[in-house]
Amino acid sequence: MMSDLPGNAGVSVLGDKSLEFYKDPVGFCEQKIEKHGTRVFQSRLLNRPTTFVCSVNGMKELLCEKSNVFVKDPTDVMTNMYGDNIVTANGEEACLLRLSLTSLFTGACLESWNDYITSVCDRCLKDLSASGQPESVYTIFKGLGTELVLGLFLNVRPEEQPELYQDITQLCTQHWHGLISAPVSVKVPLWSSGFCTAMEAKEKLMHIIKDKLDNDTHGFVGALGSLPLPDPTCASQHLLLFISALIPKGLASLLTSFTLALCGHEQEETRHRARTDPDFLHRVLLEVQRLWPPFIGGRRIASQDSTLAGFHVPKGYAAIYISHSVHRDPEVFQQPEHFLPDRWNERNAGQEHVLCSLGNGPRNCIGTKLNDVFLKAACSYLLEHYDWSLDPPSQNLQYKWLPVSRPAELPSVSFTRLDQTGSDGNNTS
């Protein structure tokens, strides 16, 4: 028998909890889980009754078993900012786009990028200890991510086209700030000044992208331009998404969390194991994604009456999965708050599929494998060349979770170059 969702969806406008949620999404969910005694509950978000999903089973039901019932919201701000694309489309259109684009993110295409990814890691990370001063790691990793996506997806590299690279970087930042300034308060009109600036930046970016699609026949741009896509604007809409600040910030989030998790003298043994054992490094990266997912979650709309975790979800309700809470579901993860990479070799062996930091199910992020390659390359480079510690040793590492997770105060870290004549070989790059 179906039960009513615990909690209260409130009344229009006055009952909206958007500001409360956006201020502290993790605290908001923890408080409601404790209050209702369940990891699935309702509230009102973006002025719509919303089911919050904070359990592994609820997430799998939402994103896997019932992905055809719970669909993307066509009025979502992502659609305004990026247009129709693989993230915002529904139904058959989404399936066809995924079929067309998958070849660009797997197999031979993925392998062909290895050398470039390695060279960017070397360029961006080779001087971390040169100044003898602590470095703002999030800022460095964001630069690394930007260089990777603009080089791979748009054939624009800072050493070859410094002015164009700078222009695109600034436009992507303006476009991003418009996305995150989109109102969370239902009383504010959508067309805020930040949003207008973002739309102007989008127009300029689209002009650059179209020029690239018309004139570049090699690399990702050339391959994308030759795909059988549904309409003429499709390739440029997707390039806009792929070069957006979303990917560099997500990558910077995970690399910062990795650096902090393996920081200092007390983690020396963990760094050594990760340096010498690729399987253990893989488990470390799974645990980093579990504890510090870069994105808080994702939102769907019920296209018909349905259920989640045995609770009735009426047609038109939103459903949002909260990756931070799903990844701490005590029914699946023992000692959920602890950083324990070996759990992925023990109790949670073979359970990578329960993570949802980049989505899950048939609509998960199409670039998941590429993200793994990025992460592994950058983390392996850091481990092979450096030890590191917080500098100063005492810093506030409290996370903020929106729009991308990272410590609210950017951490600074000192890097010490490893002796290159020992077990790490003779690489002096």
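Modeller: With neighbours within four places in sequence set aside, Q237 is in contact (heavy atoms within 4.5 Å) with Y82, G83, D84 and M206. Q237 belongs to helix 12, residues 234–242; helices (H or I, at least four residues) and strands (E, at least two) are DSSP runs, numbered from the N terminus. Residues are numbered from 1 along each chain as its sequence is written, and side-chain values use heavy atoms, without hydrogens and water. This is a predicted model, in which local features need pLDDT of at least 70 and side-chain atom pairs count only at pLDDT 80 or more, whereas totals for chains, interfaces and linings use all residues.

Colleague: Why does Q237 count as buried?

Modeller: Buried means under 20% relative accessible area, exposed over 50%, and partly exposed in between (1.4 Å probe, protein chains only). Q237 counts as buried because its relative accessibility is 15%.

Colleague: How confident is the prediction, and where does pLDDT stay under 50?

Modeller: The scale, pLDDT, is the predictor's confidence in each residue, from 0 to 100. The chain has an average of 91, and 94% of the residues score at least 70. Residues 184–188 stay under 50, and the model gives them 11 contacts beyond four places in sequence. The stretch 420–429 is also below 50, with 18 contacts in the model beyond near neighbours in sequence.

Colleague: Where is A9 found, and what does A9 touch?

Modeller: A loop residue is read by the elements on either side, and A9 lies in the loop between strand 1 (3–4) and helix 1 (18–23). Residues up to four places away aside, A9 touches Q42, S43, R44, P49 and Y317. A9 counts as buried because its relative accessibility is 10%. Its C-alpha atom is 47 Å from that of C121, 112 residues away along the chain.

Colleague: Is A318 buried or exposed?

Modeller: A318, in strand 9 (residues 318–322), is buried because its relative accessible area is 0%. Beyond residues up to four places away in sequence, A318 touches R48, P49, T50, T51, R299, R300 and I301. From A318 to L144 the C-alpha separation is 36 Å, across 174 residues of sequence.

Colleague: How many residues of helix 3 are buried, and what covers them?

Modeller: Helix 3 (residues 56–65) is mostly covered, with 7 of its 10 residues buried. Those residues are V56, G58, M59, K60, E61, L62 and L63. Their cover includes strand 3 (48–53), strand 4 (70–71), strand 6 (297–302), strand 7 (306–308), strand 9 and helix 16 (323–326).

Colleague: Which residues touch the most other members of the largest nonpolar core?

Modeller: A nonpolar core is a set of buried Ala, Val, Leu, Ile, Met, Phe, Trp, Tyr and Cys residues joined through side-chain atoms within 4.5 Å. The largest has 105 residues, and F153, F258 and W388 touch the most other members. Helix 8 (residues 137–154) contributes the most to this core, namely 11 residues. Apart from neighbours within four places in sequence, W388 is in contact with F258, T259, L262, C263, G264, R271, L382, L383, V413, S414 and F415.

Colleague: Which residues does the second, separate core include?

Modeller: That core has 25 residues, among them V40, M59, L63 and Y321. Of these, M59 and L63 are also listed among the buried residues of helix 3.
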